[in-house]
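Thanks for coming, everyone. Let's take a quick tour of one chain.

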Amino acid sequence: MSRVKIAVYTISGLLSGIAGLIVIAINSASDANLVGMGMELDAIAAVTVGGTLLSGGRASIWGTLLGVMTIQIVRYTLLANGVPDAAAMVVKAAIIIAAVWLQRKARTS
């Protein structure tokens, strides 16, 4: 294995551990069955809204950051207006579908 792969996996594991500690601190508790539930949808939504193709390709860090901010703004706006979390997940799924459709449309043009 190359040194770059080892470094990437090490950094990824370290940052994942830090993220886990942050989630535990926010929730003031830890439940191994529920921690991180639904976060994968946020990650996929942020990357697709940021312009990365789900079929593969190069990702833009700035695009992904813009996608993260967009998804979080949508999420917190919905929650602030009293929309249930389940409905907010449906909205995020619709955003992913729209982003994929727009990417596919741009690719075929």
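First, a term: a patch is made of residues with over 30% relative accessible area and no salt bridge, where like charges are joined within 9 Å and nonpolar side chains (Val, Leu, Ile, Met, Phe, Trp, Tyr) within 5 Å. A salt bridge is a side-chain nitrogen of Lys or Arg within 4 Å of a carboxyl oxygen of Asp or Glu. Accessible areas come from the Shrake-Rupley method with a 1.4 Å probe, and for residues only the protein chains shown count as cover.

Now the model. It is predicted: local features need pLDDT of at least 70, side-chain atom pairs count only at pLDDT 80 or more, and totals for chains, interfaces and linings use all residues. Residues are numbered from 1 along each chain as its sequence is written, and side-chain values use heavy atoms, with hydrogens and water left out.

Here is the patch. Ile11, Leu14, Leu15, Ile18, Ile22 and Ile26 make a nonpolar surface patch of about 610 Å². Take Ile22, which sits in helix α1 (residues 3–27). Helices here are DSSP runs of H or I, at least four residues; strands are runs of E, at least two; both are numbered from the N terminus.

Is Ile22 buried, exposed or partly exposed? Partly exposed, because its relative accessible area is 47%. Buried means under 20%, exposed over 50%, partly exposed in between (1.4 Å probe, protein chains only).

Zoom out. The protein chain has four helices and zero strands. Of its 109 residues, 17% count as buried. Its C-alpha atoms fill a box of roughly 50 × 45 × 20 Å, taken along the principal axes.
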